[in-house]
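User: Hey, I'm new to this one and would like a quick walk through it. Can you put it up first?
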Amino acid sequence: MAFSISDFSSNINRLGTAKTNLFEVVITVPERLQILQQYINTRDLTFRAAAVQLPQLDINTKTFYPQSIGRGQKRAMGLSEFSVVPIKFVVDGNHGVVKFFHNWIKHIVNYDISGGPDQANLLGMQSYEVGYKEDYASQVTINVYSDNIDAVVYRYELLNAYPINTPSLSFDWNNQNQILELDVGFTYDAIK
C-alpha cells in the first residue's frame, strides 16, 4: 500500500495527538506524615508539578537457541526493577515545597542531628535512624488528559512510593528572574 497524505491527515484529525502538558500529579500523604501539610498542602503540590517522566518499563530477556546452534531468539524472563520517576516542582515563595520534601526524607532517614547524635528529635527518631516503610510510603498518581476528551485517558498509580533524592539547589545573583524548581526522584514497589 502506498503512503497517502490524505489518509495520514485523516488519521491525525480523527484520533488527534497527545499533548505533553496535559497531566497532573496527585500525592497522597500517609497518615503519619500529615504534619508535612503545614509546609504546603498536597493540593497545592498538584499545581506545582511542572514536569514528570512516566515510568520506564524494561523486560529482561535471555537468548534462546531453538536448535542449540544458529541464530538466537530473545525470550522474556521478567520485568526489570522499576526506574526512578523524576517529578519537577515549582518552588513557592516560602519554600514550602522544599520543606515538604526535605522533611519527608527526614521521616525516612532522620538526618537531623540538632538534638545531638544520641537524642531523639521531634519525630521520635534518633539521628540517622531509618523509619518503617509503612509510615512513610505513599501513593503517587499521575493522571494524563487529552484535549478532546474531558476525562483521564491514562492513569499511573505508583504504589508504596516515596522520595529517594532531591538535588542540591543553586542560587545565583545572575539569574534574577529564573524560577526555582526542585526535582524529586520517587521510587515505588508497583504500578497499578
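This is a predicted model: local features need pLDDT of at least 70, side-chain atom pairs count only at pLDDT 80 or more; totals for chains, interfaces and linings use all residues.
User: Which residues are buried in H3?
Analyst: In H3, the buried ones are Gly 96, Val 97, Val 98, Phe 100, Phe 101, Asn 103, Trp 104, Ile 105, Lys 106, His 107 and Ile 108. Buried means under 20% relative accessible area, exposed is over 50%, and partly exposed is in between (1.4 Å probe, protein chains only). Helices (H or I, at least four residues) and strands (E, at least two) are DSSP runs, numbered from the N terminus.

User: Why is H3 called largely enclosed?
Analyst: Because 11 of its 13 residues are buried, H3 is largely enclosed by the rest of the structure.

User: What distance does H3 reach from its first C-alpha to its last?
Analyst: H3 reaches 18 Å, close to the 18 Å expected at 1.5 Å a residue. The expected span is 1.5 Å times one less than the number of residues.

User: OK, Asn 103: what does it touch?
Analyst: Leaving out residues up to four places away in sequence, Asn 103 touches Leu 36 and Tyr 39. Contact here means heavy atoms within 4.5 Å.

User: And how far is its side chain from the backbone oxygen of Lys 99?
Analyst: A polar atom of the Asn 103 side chain lies 2.8 Å from that Lys 99 oxygen.

User: New topic. Is Leu 45 buried or exposed?
Analyst: Leu 45 is buried, at a relative accessible area of 1%. You'll find Leu 45 in helix H2, residues 42-48.

User: Which residues does Leu 45 touch?
Analyst: Not counting residues up to four places away in sequence, Leu 45 touches Ile 27, Ile 40, Phe 89, Val 97, Phe 100 and Phe 101. Of these, Val 97, Phe 100 and Phe 101 are among the buried residues of H3.

User: Last thing, the loops. Where is His 95?
Analyst: His 95 lies in the loop between strand E5 (85-90) and helix H3 (96-108). Its phi is near 60°, a positive value in a residue other than glycine. His 95 is partly exposed, with a relative accessible area of 29%.

User: And what about the phi of Tyr 128?
Analyst: Tyr 128 has a positive phi of about 65°, although it is not a glycine. Tyr 128 sits in the loop between H3 and helix H4 (133-136), and is exposed at 54% relative accessible area.

Conventions: Residues are numbered from 1 along each chain as its sequence is written. Side-chain values use heavy atoms; hydrogens and water are left out. A polar contact is a pair of N or O atoms within 3.5 Å; within protein, one must be able to donate a hydrogen and the other to accept it, and residues adjacent in sequence count only if both atoms are side-chain atoms.
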